[in-house]
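Take a look at the model below. Then read on for a short tour of its domains, a sheet, a helix and the chain-to-chain contact.

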Amino acid sequence: MSIRGRFRHSRGDFRLDVDFDLPGRGVTGVQGPSGAGKTSLLRAIAGLDRAPGGQLNVNGADWQRDKDFVPPHRRRVGYVFQDCRLFPHLDVRGNLAYARRRADNRDATPETNATRLLGLAPLLDRAVTGLSGGEQRRVAIARALVRGPDILLLDEPLSGLDRDRRADVLPWLEALHRELEIPVVLVSHDPGDIDRLADHLVLMRDGRIIASGAVQDILTNPGLPPSHSDEAATVIAATVEHYEPEWQLNTLRTSGGSLHLPGEPLPPGETVRVRVAARDVSITRSQPLETSILNYLPASIDTLDDMKGGQVVARLHSGKDPYLAHLTRRSVAALKLAPGDDVFIQVKSLALIS
Amino acid sequence: MTDLAAIRLSLELAAISTLILLALGIPLAWGLSQWRWRGRFLVDAVIALPLVLPPTVLGFYLLLTLGPNGPVGRLTEALGGTTLAFSFTGLVIGSVIYSLPFVVQPLQNAFSAIGRGPMETAATLGASPLDRFFTVALPMAKPGLLSAAALGFAHTLGEFGVVLMIGGNIPGETRVASIAVYDHVESLDWGAAHTLSLTLLLLSFVLLAVIYAVNRRARWFGP
């Protein structure tokens, strides 16, 4: 089960030149700066741009091969465009019905399911022009599902939404991630969305794929751009141990030691994921004793790589968990840090992501 | 009452011409809005010709073409009919050509305004090209469709020069209202000219007002 393809075509100044083999299940994130070819890749997969000589096989079905080209309307592809593109001449129910009437797939998600999955029941009789940005996204996603796709393509499903509107869409996307059997390709420029939603990650630059792999491997690879960005972070799996009401602190167990997370009590025994930003991680040679920072763990340095602005990105591991730290070059020299050293990391803050 | 017959004939001519104009204009405008080929500017120019030509020039060429010595005239005679000049059918042909730009241009604008987006979306939802034309392009172009029909109808109603050249002035057959007004003025029957002119004026105004009102509502509330 996989999505394999190759596209080489030019459009004006832009050239798409990609070879890929993506998992046939789960969510693949596609990340890169604007103009990297993320949307062009989705359009080529959907058959909206016809790349001569392109190849595409989705879970065993040839969609493009040599001279054979399956037109988009016979591809069973669910495409959620960045601007949603709901039909303005139909209401919400009409938009869903449009897709349902053309669904030629016995496995098509029934309308009632899509409506439930995206919480659309109260919106069904509304005109699409009256919907908020978040509501439009949800309708567009439901419409794509009702079509009964063999693959779901999401182009920046969260961009352009303010914080509240994101909260309006994100939980539904997470639900899709858990419930859908079909592969999902999700384009996003936001690393936060990617590590929340994707299992696999493709990085694009200038029309090419520069890396493809498991999401944590890519995001923590110090040789790749995401670890150098201000948003660089790792996601750590942890188990809830107990809660101290006096300090309003949860204690979480990770493979490297205990972490403390302030806030509401979490159910003990539950597995959660926390995001640790590289700029919130600092390194000490010895165990920190008198510090206001609650979270520190023993760790070993894997790599140290120079980045822009006199900074260094350190990749470390504590137990089995990877961590990134952004340090100044001067600190690295002062502490005489080198790969293989055993150190302590201090984590200034954690964010719960699920 | 011959003036009533003239008005009826005008309305009939406008209605039939509008139907034919839509049948021709919709596919033509769609094609022009979708395809970009190199010779396209020539097609645009030909369609726009009636906008700038004096109607008499158009009527003159039509008369030559449809008349007994013209290619179409010979064909219709050979097929056992008469020539189309000085007949109602001839008027319909003239009107269709004369009003074509008034129908094609609003339609073309409406189709162009839809853009590729909705059609691509419909394709990803499983709609074939023909399906998406009827279920997305046409409904979304509805205001343009109404404008096109209104302009085609009103323009045909007001036509004079082409009719005079190829239709002549046969009561009940080619004597439309605009010609009848001209006749009344020629024979100094100003009273009859007034009545008929005012009727035409009110008729056209009401027609346009109704269609613009409907159009505006369609834009405000969506269908």
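The domain assignment of chain A gives domain 1 (2–219) and domain 2 (233–352). Such bounds come from an automatic or database domain assignment. The centres of the two domains, taken over C-alpha atoms, are separated by 34 Å. Four residues of domain 1 of chain A and five residues of domain 2 of chain A make the contact. Two residues are in contact if their C-beta atoms, placed from the backbone, lie within 7 Å. On the domain 1 side, helix 6 (191–197) and helix 7 (215–219) of chain A each give two or more residues. That side has two nonpolar, one polar and one charged residues.

A note on the model and its labels. This is a predicted model: local features need pLDDT of at least 70, side-chain atom pairs count only at pLDDT 80 or more, and totals for chains, interfaces and linings use all residues. Residues are numbered from 1 along each chain as its sequence is written, while chains are lettered from A and ligands numbered from 1 in the order in which they are written.

Helices (H or I, at least four residues) and strands (E, at least two) are DSSP runs, numbered from the N terminus.

**A sheet in chain A**

Five strands of chain A form an open sheet in the order 14-13-12-15-21, with antiparallel pairing. Strand 14 (257–262) and strand 21 (351–352) of chain A stand at the edges, each with a single partner strand, so one side of each has no neighbour in the sheet. Two strands pair if DSSP finds at least two bridges between them. Strands of a sheet pair through backbone hydrogen bonds, either parallel or antiparallel. Strand 13 (residues 249–254) and strand 14 of chain A pair over six bridges. Within this pairing, Thr251(A) has His260(A) in strand 14 of chain A as its bridge partner.

**Chain B**

How many helices and strands are there in chain B? Chain B has eleven helices and zero strands. Its C-alpha atoms fill a box of roughly 65 × 45 × 30 Å along the principal axes. Of the 223 residues in chain B, 37% are buried. A residue is buried if 20 or more other C-beta atoms lie within 10 Å of its own, exposed if 12 or fewer, and partly exposed in between; C-beta atoms are placed from the backbone.

Helix 1 (residues 2–34) of chain B has 33 residues. The expected span is 1.5 Å times one less than the number of residues. Helix 1 of chain B bends by about 30° at Gly25(B), and Pro27(B) follows within four residues. The bend is the angle between axes fitted to the seven residues ending at a residue and the seven starting there. Buried residues of helix 1 of chain B include Leu9(B), Leu13(B), Leu21(B) and Gly25(B). The helices of chain B that the buried residues of helix 1 pack against are tabled here.

| Helix of chain B | Residues |
|---|---|
| Helix 5 | 88–114 |
| Helix 8 | 142–157 |
| Helix 10 | 177–186 |

His184(B) lies in helix 10 of chain B. With 19 C-beta neighbours inside 10 Å, His184(B) counts as partly exposed. His184(B) and Asp3(B) are 181 residues apart in sequence but 10.0 Å apart in space, C-alpha to C-alpha.

**Where the chains meet**

In all, 20 residues of chain A are in contact with 15 residues of chain B. Strand 7 (77–80) and helix 2 (92–101) of chain A each supply at least two residues of the chain A side.

Methods
Ala, Val, Leu, Ile, Met, Phe, Trp, Tyr, Cys and Pro count as nonpolar, Asp, Glu, Lys and Arg as charged, and the others, Gly among them, as polar.
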